[in-house]
Amino acid sequence: MKTKHYFIQTFGCQMNIHDSEKIAGMLKKIGYEETQDKAEASIIVFNTCCIRESAELKIMAKIGDIKALKKANKDLIVVVCGCMTQQKGMPENLKKKFPFINIIIGTHNLEELENYVLKYEQTHKSFNEIWETEKEVKEQTPTFRTSKFNAWVNIMYGCNNFCTYCIVPYVRGRERSRKVEDIKKEVEELVKTNKYKTITLLGQNVNSYGKDFNDGKTNFVYLLKELCSIPGDFRIKFMTSHPKDFSLELIDFISSNNKMSKSIHLPVQSGSNNILKIMNRRYTVEHYKNLIDEIKNKIPNASITTDIIVGFPGETDEDFLQTCELLKYCNYNGVFGFVYSKRKGTPAEKFENQIPINIKRERITKLFEIQHKIVKELTDRLVGQTIEVLLEEKIKDCYIAKTDGGKTIKIKSENNLILGNYYNIKIKKALTNDLIGEII
Ligand code: 5AD
Ligand code: SF4
């Protein structure tokens, strides 16, 4: 029998990247093999994102691109899943625009995908299946991991925060935590093989992990303690954090445990209290700065990154200036900057004083200029320092690693070093794009 192939196109965040590993796991279970070539595929899955309008437009274009493939191969199965499909009216919209789509699935029933594909294989009848909530936190979904040394692990799903710009709570539902025992079992399995050196815990707001258990005991630090007690040479990262829930206990724990990675992603979104208020972020710039001070005091080698939105409705020049000031204050190792994008059904969509696109563009350019300078200074400062890094690949006689802030380090060595192991590296030189290091 001819081998059936799958092609998955993933858009969006780490959560989606990991969901695609589950999609791959399920498809393998029912007899499909991976292909990198769309033309060879018997099934194409679009795992979608809707965080900004730009993502949706890109996805629409990509779905449109396969019209010809589907025309040439009537048996090709086209599946669309992920955050975009969970929006009200979207499945109907998609079907109208692209009648060739066969299966549309929402975020709450992704784990049913294998059953849906089997059903379609038998009936050849297209259908949409969107659930408003899931029946239970699903365990045991087969997962085909695609990253080399890093393993993604969900610790919770959904978000309760309702930041006024954000569509996530509407498409991913309320917070649901996985049980400590289930997460621990998964991490134990992953590190046992010695293959995964970084475990990245995923959740929309990992700092509120366990609140839904209401047991007076389980919280994020409790979970981290349990995971760090697992023997092995691995590091634990996590994303994403919310400054209102990021505790001093957590900072102490990161600083005191050598299994905890020292890179911290702490999205601030804006440096203006007025804007934070209308974003419904529920912390002040002062609270955020205190957290940053505390992190820098307790974890001197911490690498801190953030997310910023510019051009939120009502953002004045003064508000934006305050964001620029905050960037300088925090000296971030990296900034993910976004232009505000209206999302249907969110409160901010209806806010007055929407900012014209030319001003948004000016602001994001300015933001990146400032950040660029900061990163250059931080990188120059690394010269002469020794840092611990994971060797990720070897190109000719050069080993490649990354700093916590994401800069590439090139390391020439005659020694036979092991990819996937941690080494201490002394930074010798900072070039425009890379760093040069040597093994010590
Ligand atoms: N417009 C622009 N950026 C957004 N983000 C979330 N919603 C929007 C939106 N409507 C950004 C936030 C968040 C990151 C994942 O995406 O900065 O932290
Ligand atoms: Fe969106 Fe805010 Fe929840 Fe993050 S915390 S997913 S920005 S609503």
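User: How many aromatic pairs does a search of the whole structure find?

Analyst: A pair of aromatic rings is described by the distance of the centres and the angle of the planes. Rings of Phe, Tyr and Trp (its six-membered ring) pair if their centres lie within 6.5 Å; planes under 30 degrees apart count as stacked, over 60 as edge-to-face and the rest as tilted. In this predicted model, the search gives 9 aromatic pairs. Tyr116 and Phe127 are edge-to-face because their ring planes stand at 80 degrees, with the centres 5.7 Å apart. Since Tyr116 belongs to helix 5 (residues 113-123) and Phe127 to strand 6 (residues 127-129), the pair ties together parts 11 residues apart in sequence. Helices (H or I, at least four residues) and strands (E, at least two) are DSSP runs, numbered from the N terminus.

User: On what conventions do such values rest?

Analyst: Residues are numbered from 1 along each chain as its sequence is written, and chains are lettered from A and ligands numbered from 1 in the order in which they are written. In this predicted model, local features need pLDDT of at least 70, side-chain atom pairs count only at pLDDT 80 or more, and totals for chains, interfaces and linings use all residues, while side-chain values use heavy atoms, with hydrogens and water left out.

User: What is the area buried between domain 1 and domain 2?

Analyst: The size of an interface is often given as the accessible area lost when the parts come together. Here buried area is the accessible area (1.4 Å probe) that two parts lose on being put together, summed over both. The domain assignment, automatic or from a database, places domain 1 at 4-129 and domain 2 at 147-261. Between them about 1400 Å² is buried, 60% of it from carbon and sulfur atoms. Gln14, Met15 and His18 supply 41% of the area that domain 1 buries against domain 2, more than any other three residues.

User: Which residue forms a salt bridge with Arg172?

Analyst: A salt bridge is a side-chain nitrogen of Lys or Arg within 4 Å of a carboxyl oxygen of Asp or Glu. The partner of Arg172 is Asp19, with the closest N and O atoms 3.2 Å apart. Between domain 1 and domain 2 the count is 1 salt bridge.

User: Where is the place of Arg282?

Analyst: Arg282 is in the loop between helix 10 (273-278) and helix 11 (285-298). Its phi is positive, about 60 degrees, although Arg282 is not a glycine.
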